[in-house]
Amino acid sequence: MNVLFVSPEVNPLVRTGGLGDVVGSLPLALKKLGIDVRIICPFHRECKGIESKTLKKNFVVKIRKKSITGSIRQTKLGNSDVPAYMIDLPEFYDRNGIYSDEHGDFPDNAQRAFVLSQVALELQSVTSWQPDIIHAHDWMAAPVCAYVNAIPSAKTVQPKIRTVLTIHNLQHQGIFSHEDFKTSGLPESNWAMDGFEKDGLLNLLKGGIQHADKITTVSPTYASEIRTKEYGCGLEASLEYRGADLMGILNGIDESSWDPQEDSSLVKPINPSRPKSGKLACKQALLEELNMESDIDSPLFGVVSRLYDQKGLDLLIELLPQLMAESHANFAILGSGDPHEEQAIRELSVSFPHRIGCFIGFDDGLARRIFAGSDFFLMPSRFEPCGLAQQYAMRYGSLPIARKTGGLADTILPISRGEKNCNGFLFKNASAKELWDAVQQALEVFANNRKFTRMRKNALSRNCGWKYAAEQYIQAYKWALEMP
Ligand code: GLC
């Protein structure tokens, strides 16, 4: 089976978050199961350092009645032999940022998305390789699901190409104007309630949802949540309508890149069956790195997150002064995003320098050292399609404390379910009070060495690889191919 991934981000070529991580690691697992999987993404400015060869020069794309010339480049995904094709059109992709820069979202994001989709379909003329399945990721790649139905060459190819759309985060939908739709080259009939139109505007993700043969999202709980008003971000009716073709497949993580026994950013490896000495060394080093002189025997809570509403860290910020007064918990926080949250965290770390260490920004090495050095990991997300950080934390022996939603509910076995397999803490409502209670539960467990050690071992031994998810994706592809 031939599968073409279409995505705006692919780690390690280019990433802003979890989407890039998934598109960079799922193909490796599919390849191991015998799928001929390839990837296409834009040649963003960030990709420039990557070694690649030009596959086709003078590649012409037509948009807004203009012909734009660029080239198609080819590289490989990391050390694998999975081909990654990159669309080198400087006019669209050679910019400081993937979706936006310091002035905000790029005004031609709709056209940038249309070009990605159109070129994905024309790729076979360059490579003479024909996908059976086109697997699109998020709003920027979503229109490809409609182009497959609309472009005669794709339609006449036998067997017909099938499409699978994966939603990584429903909050980002790609909303533009009717004028933008007119630049797509898609038939006017696609501008409809069961197409790209939503409340008089162009909605790329909705168009993808309506046109894809199968739709997946990144955890089973999120797959049912997004069919409700509370989580559907206005698209719940479309998702309900496509409900029979919608499924949740829980993301795995790249176990070789996230291996606490081999990770060169840690001072000492962590052995999952005897974690104590590794965890202690990592904790000590982390406290020093963040200039915290807090007591090594006190519980250390980690945060690695982007700071915006979804992640619910405002709840933690609200609680921190009380936690400083009434507990001996310490905090190591890495994040960036909302300027108010950044400022609040900076100020708290100035007020409690020995107990709250922070780094505002992103640093992959420090993220790994927080997963490794912390005892607990906080993720109070208001919604979380899957969440990778809690999985990285468990793999590095830090027990997650999270809201019971989306992939957090599907990856964390809370202590309330009994001690045998539990590996974290879940709370129901996004309130500071419930987060406080969950932190208190964690503090109680920390005081009970036997329980704590047990839970930590459970977290460290959790099965988190991609194999199972890859098998489920293959099943989804087969279902798509079987459709009439
Ligand atoms: C998005 C979601 C996150 C998910 C990731 C990968 O970033 O917000 O929950 O883990 O995509 O699918």
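## Before we start

This is a predicted model, in which local features need pLDDT of at least 70 and side-chain atom pairs count only at pLDDT 80 or more, while totals for chains, interfaces and linings use all residues. Residues are numbered from 1 along each chain as its sequence is written, and side-chain values use heavy atoms, with hydrogens and water left out.

Helices (H or I, at least four residues) and strands (E, at least two) are DSSP runs numbered from the N terminus, and two strands pair if DSSP finds at least two bridges between them. Phenylalanine 176 has leucine 202 of β12 opposite it.

Axes here are lines fitted to C-alpha atoms, for helices over the stretch in contact, and angles run from 0 to 180 degrees between N-to-C directions. Contact means heavy atoms within 4.5 Å.

## The nine-stranded sheet

Another open sheet has nine strands in the order β3-β4-β5-β2-β1-β8-β9-β13-β14, with mixed pairing. β3 and β14 (246-248) each have a single partner strand, so one side of each is left without a neighbour in the sheet. From one strand to the next, the twist averages 25°.

Within this sheet, six bridges pair β4 with β5 (residues 83-88) in the antiparallel sense. Isoleucine 72 stands opposite isoleucine 87 in β5. Two helices pack on the sheet: α1 touches β1, β2 (36-42) and β8, its direction making about 160° with that of β2, and α3 touches β1, β2, β3, β4, β5 and β8, its direction making about 130° with that of β3.

## Valine 119, under helix α3's name

Valine 119 sits in helix α3 (residues 109-127). With 1% relative accessibility, valine 119 counts as buried; the cut-offs are under 20% relative accessible area for buried, over 50% for exposed and partly exposed in between (1.4 Å probe, protein chains only).

Apart from neighbours within four places in sequence, valine 119 is in contact with Ile40, Phe59, Val61, Ile72 and Ile87. Take phenylalanine 59: it is 60 residues from valine 119 in sequence, yet their C-alpha atoms are 9.5 Å apart in space.

## Where α1 meets α19

Two packed helices are described by the angle between their axes and the distance between the axes. For α1 (residues 18-32) and α19 (residues 467-482), the angle is about 80° and the axes are 9 Å apart. The two helices are therefore roughly perpendicular to each other, a label for angles of 65 to 115 degrees; under 35 counts as roughly parallel, over 145 as roughly antiparallel and the rest as oblique.

On the α1 side, Leu26, Ala29 and Leu30 meet Ala470, Tyr473, Ile474 and Tyr477 of α19. The residues of this contact divide into seven nonpolar, no polar and no charged. In this scheme Ala, Val, Leu, Ile, Met, Phe, Trp, Tyr, Cys and Pro count as nonpolar, Asp, Glu, Lys and Arg as charged, and the others, Gly among them, as polar.

## A covered strand

Strand β19 (residues 399-403) is mostly covered, with five of its five residues buried. On one side these are Leu399, Ile401 and Arg403, and on the other Pro400 and Ala402. Four bridges link β19 to β18 (residues 376-379), and the two run parallel. Leucine 399 is the bridge partner of phenylalanine 376.

Most residues other than glycine have a negative phi, and most peptide bonds are trans. Lysine 65 has a positive phi of about 60°; lysine 65 lies in the loop between β3 (53-63) and β4 (66-76) and counts as exposed at 89% relative accessibility. Serine 128, with phi near 55°, is in the loop between α3 and β8 (133-137) and is exposed at 70% relative accessibility.

A cis peptide bond joins asparagine 11 and proline 12, with omega about 10°. Proline 12 belongs to the loop between β1 (2-6) and α1.
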